[in-house]
Amino acid sequence: MSVHVEIPSQLRPLAGGQARVAVEASDVDSLIEALGAAHPGLKERLLEPSGELRRYVRLFVNEEDIRFLQERRTTLAPGDTVTIVPAIAGG
Amino acid sequence: MASFKELIRKVKGEIREAGVAEARAAQQRGAVLLDVREADEWAQGHVPGAVFIPRGFLEQRVEAEVPGKQGEVFVYCAGGTRSAFAARTLLDLGYSNVTSIAGGFGKWKEAGFPVEVPRTLSPEQKQRYSRHLLVPEIGAAGQDTLLRSKVLLVGAGGLGSPAGFYLAAAGVGTLGLVDSDVVDVSNLQRQILHTNQSVGKAKTASGAATLGALNPDVTVVEHQLRLDSSNVLEVIAPYDVIVDGCDNFATKYLVNDAAVLTGKTVVYGSIFRFEGQASVFKPGAGPCYRCLFPEPTPSELAPSCDEAGVLGVLPGTVGLIQASETLKLLLGIGRPLVGRLLTYDALEQSFREFRVRRDPGCALCGDNPTIRELEDLAWSCHFEPRPVHA
């Protein structure tokens, strides 16, 4: 069983246009690695060169921000949904 | 068959009565005062803080409006007769601590106790807002609140248009419009405050004309300027709630910072192509925008609607969520989007909700804030600085 990842429209071109992809991962860190391996360029949009999560991108596991869980060590269970939410400013 | 005189004597024998002085003392220690007169009597003056339920609706409404049947309830009418019958009814409904005020509102006024005279709605307003007046959570008092309320719309564009339309229709008495831009024909695909006739005119003037035509009760204040650190505090000062419908990060962070520093609530909205976000940032009650996104997306990754395109109807959906949240905040009803980020995807036609917490490390509202005064965010983008518009 895999984890569902919801991709915002800005990043969909990097994921073959898909809004939702399935990834095999046991925690957020391995999820980002798996996303990056399957969709080149995606990892760089989520992480700073230093490896920190970019401060204008939020990752939610189900309804909770990983900053208030165990950050990138947050464990994932099969069937979890991870949502990438970028800051947007259109009005 | 009992006559009226026999009936009132019987009822008064079954209830407790007290004078206005006792009632006032009871109210000061937390007792409910219940006014069972008719709406026109209430409108001419009533006891401040009293609950108003005309006697004809008493049985239907009292349990919702006066919960807790053990609490002290003092009922009044004009002179003490209708309140005696109402008190008898409350006993039947299980209220155990009910008193009818002898002499009623007449004696209350004679005693020189405080009286509140609500601003009454004109006959035209009663018609215009009749569908609000029918809703118990709004009613005449709520409508009066809306008419006295002041809301600032930052951006008279995609989000500000639908929000402005519905807030004006709802009778929010003062709407401020902030925008420095003029209407371009490419705006009309989504910025429905403006028309072909307003192309080339200031968005603030165009918006004010549209909203004024919709509802003459609304005073529209035109702020034809771009918000910056030198003017933002003065612009937002008169307003109860700020609706963030701007289209750039510099203004979003500036409005957020100014609102946190002055304790004002921001109803946030943002859109990108097919996706929208909405939340309510209420200082002291939940996180701020910086708690959610400590830094803005670099502009090359987050182009504005003008640069990236947007589904024309998308700001309608998001702007109306902002309008709903604004009315709820003004009326003090419902569960606002405080601490919750609502996201909308028009392609999937789905909403998601995420928990957003105040970040103890937030530079603005955290435990050890480093931002103590306003600063303008650099327009570090490859686009020329553009005026605030949406």
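Chain B of this predicted model carries five strands in an open sheet, ordered S1-S5-S4-S2-S3, with parallel pairing. Strands here are DSSP E runs of at least two residues, helices are H or I runs of at least four, both numbered from the N terminus, and two strands pair if DSSP finds at least two bridges between them. S1 (16–18) and S3 (51–52) of chain B sit at the edges with a single partner strand each, so one side of each has no neighbour in the sheet.

Further in, S4 (residues 72–76) and S5 (residues 97–101) of chain B pair in the parallel sense over four bridges, and Glu72(B) has Asn97(B) in S5(B) as its bridge partner.

Now for the interface. In contact (heavy atoms within 4.5 Å) are 28 residues of chain A and 41 residues of chain B. Tyr56(A), Ile88(A) and Gly91(A) supply 24% of the area that chain A buries against chain B, more than any other three residues. Buried area is the accessible area (1.4 Å probe) lost when two parts are put together, summed over both.

| Interface of chains A and B | Value |
|---|---|
| Buried area | about 2800 Å² |
| Carbon and sulfur share of buried area | 53% |

One salt bridge joins Glu348(B) to Arg20(A), with the closest N and O atoms 3.4 Å apart.

As for conventions, residues are numbered from 1 along each chain as its sequence is written, and chains are lettered from A and ligands numbered from 1 in the order written. Local features need pLDDT of at least 70, side-chain atom pairs count only at pLDDT 80 or more, totals for chains, interfaces and linings use all residues, and side-chain values use heavy atoms, leaving out hydrogens and water.

Terms used
Salt bridge = Lys/Arg side-chain N within 4 Å of Asp/Glu carboxyl O.
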